[in-house]
Amino acid sequence: MTIATRVELSLRPIASHDNAAIASVIRTVSAEYGLTADKGYTVADPNLDSLYELYSQPGHAYWVVERDGKVVGGGGVAPLSCSEPDICELQKMYFLPEARGQGQAKKLALMAMGFAKQQGFTRCYLETTAFLKEAIALYEHLGFTHISEPLGCTGHVDCEVRMLKDL
């Protein structure tokens, strides 16, 4: 007899000691999908190793997902650079395989959008790539709609999927 046990994952705000762990998660997942720095993906972000400091600014927030004390994923929200002040951006949503398919990305995205709404944002933007089919399906399920042109100045030149949602 096989007994399936549910893995307990916890979601909490990022702390300064999480910087190296979440940067490692982002690099690992990016490599898994071939999302390289030379194409402007998140691994090229100069702030990748200091996300706690980045998301400690007003209007920013980031959460990590833990399993048995190990960071296995994360995601956040921040004002969209070079854009209208009411638009935020869902950012850096990355999960290791052991954290996928358990509802954590949905929970985190909803938490991020709730935070953004409390901060006064009325729209949420995101960019991703067609390689991330599961992520796109989640965003569509959450009510994001596809738009043709990029917003803001994210620097993600190879993120050909752009989506927007009213909060």
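## Lining of the second largest pocket

Helix H4 (133–141) gives the lining of the second largest pocket its largest share, four residues. At least two residues each also come from helix H1 (19–33), strand S4 (87–95) and helix H3 (104–118). Helices (H or I, at least four residues) and strands (E, at least two) are DSSP runs, numbered from the N terminus. The model is predicted: local features need pLDDT of at least 70, side-chain atom pairs count only at pLDDT 80 or more, and totals for chains, interfaces and linings use all residues. Residues are numbered from 1 along each chain as its sequence is written, and side-chain values use heavy atoms, without hydrogens and water.

The lining has 18 residues; Phe 95, Arg 100, Ala 105, Glu 134 and Ala 135 lie nearest the pocket centre. By class, eleven are nonpolar, four polar and three charged. The pocket volume is about 400 Å³. A pocket is an open set of points on a 1 Å grid where a 1.4 Å probe fits, with protein on both sides within 12 Å along at least five of seven lines; lining residues have an atom within 4 Å of a point.

## Strand S2 and its partners

Strand S2 (residues 61–67) has six of its seven residues buried (under 20% relative accessible area, 1.4 Å probe, protein chains only). Strand S1 (residues 9–13) pairs with S2 in the antiparallel sense over five bridges; pairing takes at least two DSSP bridges. Here Leu 9 has Arg 67 of S2 as its bridge partner.

Strand S3 (residues 70–79) also runs antiparallel to S2, joined by seven bridges. Tyr 62 bridges to Gly 76 in S3.

## The hairpin turn

S2 and S3 form a hairpin, with two residues between them. Asp 68 sits in the turn and has a positive phi of about 50°.

Key:
Buried means under 20% relative accessible area, exposed over 50%, partly exposed in between (1.4 Å probe, protein chains only). Grid points are joined across faces, edges and corners, and a volume is the space filled by probe spheres set on the points. Ala, Val, Leu, Ile, Met, Phe, Trp, Tyr, Cys and Pro count as nonpolar, Asp, Glu, Lys and Arg as charged, and the others, Gly among them, as polar.
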